[in-house]
Amino acid sequence: MARNPPLARVLPFHVVDEAWRLALVPALVGAVTLPFLPPVGAAFVALALGVLWFHRDPDRAPPDAEGVVVAPADGTVSVVREEGNRLRVGVFMNVTDVHVNRAPIAGEIREVRHRPGANRPAFSKESDRNEQVAIDFGEYELLVIAGWFARRIHPAVEAGDAVDRGERVGHVSFGSRADVILPADVGKGDLLVREGDAVRAGETIIAERADDTAERK
């Protein structure tokens with residue numbers, strides 16, 4: 001993700017590349033209308049700034065501990081459930097949360113799949129059928145699920161890429177959910193979060209693996 005577009009130096013925070021493209025139209029409309037219709041122009045300028053703020057991309061410091069699983073997104077844990085012999089932990093990203101997604105565990109990506117679907121509210125049970133992008137690491141999967149308004153999921157990785165725990169793997173625009181289908185060696189007793197907990201992508205430990213040597217790249 002580029003960190004130095006020309007206007008970046010005037011912002012007090014980093015943003016993802018896509019933010020500049022999304023903010024361009026309201027910024028241009030605001031600049032043109034501001035001298036003639038100040039309230040309208042100011043509203044469009046504020047909209048452009050809001051788009052940039054929504055797509056902020058702060059640095060994070062993943063924990064050094066071995067054998068831990070970190071949150072894939074900022075937000076609130078909205079799903080903790082068993083699916084066969086695996087556990088799913090989902091994080092709902094509110095509109096005020098950072099929407100950059102990070103790898104819960106280091107590994108090599110086997111496949112990135114896009115699945116069309118509905119656009120139900122991301123906090124609802126029905127959102128499991130929403131449009132989503134699955135990043136398959138083999139031993140676990142990260143599912144980025146679109147919400148009712150979010151229609152743009154932007155993976156920043158592809159098959160064959162090796163990523164570290166806590167590394168950026170993409171972002172989603174305007175409200176969504178990020179779920180982790182945990183490795184089979186992670187049981188309920190290994191979870192450190194429950195529904196309703198607030199977490200930070202790449203930093204909050206959501207589970208400890210039974211075998212500290214199980215994490216692999």
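Trainee: What makes up the lining of the largest cavity by class?

Mentor: Six nonpolar, four polar and no charged residues. Ala, Val, Leu, Ile, Met, Phe, Trp, Tyr, Cys and Pro count as nonpolar, Asp, Glu, Lys and Arg as charged, and the others, Gly among them, as polar. The lining residues are N101, V133, I135, V144, I153, H154, P155, V169, G170 and H171. The elements that give two or more residues to this lining are β7, β9 (152-155) and β11 (168-173). One basis to keep in mind: this is a predicted model, where local features need pLDDT of at least 70, side-chain atom pairs count only at pLDDT 80 or more, and totals for chains, interfaces and linings use all residues. Residues are numbered from 1 along each chain as its sequence is written, and side-chain values use heavy atoms, with hydrogens and water left out.

Trainee: How many cavities of 30 Å³ or more does a search of the whole structure find?

Mentor: One. A cavity is a set of points, on a 1 Å grid over the protein atoms alone, where a 1.4 Å probe fits but cannot get out; lining residues have an atom within 4 Å of a point. Points are joined across faces, edges and corners, and the volume is the space filled by probe spheres set on the points.

Trainee: Why is Q132 called buried?

Mentor: Buried means under 20% relative accessible area, exposed over 50%, partly exposed in between (1.4 Å probe, protein chains only). Q132 has 8%, so Q132 is buried. Q132 is found in strand β7 (residues 132-136). Strands are DSSP runs of E, at least two residues; helices are runs of H or I, at least four; both are numbered from the N terminus.

Trainee: What is Q132 in contact with, leaving aside its neighbours within four places in sequence?

Mentor: R113, H114, R115, L143, V144, I145 and I153. Contact means heavy atoms within 4.5 Å.

Trainee: What makes R88 and D179 a salt bridge?

Mentor: The term needs a side-chain nitrogen of Lys or Arg within 4 Å of a carboxyl oxygen of Asp or Glu. The closest N and O atoms of R88 and D179 are 2.6 Å apart, so the pair passes. The pair links distant parts of the chain: R88 in strand β3 (residues 86-93) and D179 in strand β12 (residues 176-181), 91 residues apart. R88, at 9% relative accessibility, counts as buried. D179 is buried as well, at 0%. Both belong to a network of salt bridges that links R81, E83, R88, R177 and D179.

Trainee: How many salt bridges does a search of the whole structure find?

Mentor: 14. Another is E111 with R113, the closest N and O atoms being 3.3 Å apart. E111 has 36% relative accessible area, so it is partly exposed. R113 has 30%, so it is partly exposed too. R209 and E139 also meet in a salt bridge, at 3.0 Å from N to O. That pair links the segment after β14 (205-208) with the loop between β7 and β8 (141-146), 70 residues apart. Both R209 and E139 are buried.

Trainee: Is V91 buried or exposed?

Mentor: Buried, because its relative accessible area is 2%. V91 is found in strand β3. V91 and A201 are 110 residues apart in sequence, yet 9.6 Å apart in space, C-alpha to C-alpha. Beyond its neighbours within four places in sequence, V91 is in contact with residues including P72, V77, S176, D179 and V199.

Trainee: Why is V186 called buried?

Mentor: Its relative accessible area is 2%, so V186 is buried. V186 is found in the loop between β12 and β13 (198-199). V186 and L87 are 99 residues apart in sequence and 7.4 Å apart in space, C-alpha to C-alpha. Leaving aside neighbours within four places, V186 is in contact with L87, A207 and R209.

Trainee: Where does G107 lie?

Mentor: In strand β5 (residues 107-108). G107 is buried, because its relative accessible area is 5%. The C-alpha atoms of G107 and D161 are separated by 8.5 Å, while the two residues are 54 apart along the chain.

Trainee: How many helices and strands are in the protein?

Mentor: Two helices and 14 strands. Buried residues make up 48% of the 217 residues. Among contacts between residues at least 6 apart in sequence, 71% join residues at least 24 apart.

Terms used:
1 Å grid on protein atoms, 1.4 Å probe; cavity = no way out; pocket = protein on both sides within 12 Å on 5 of 7 lines; lining within 4 Å.
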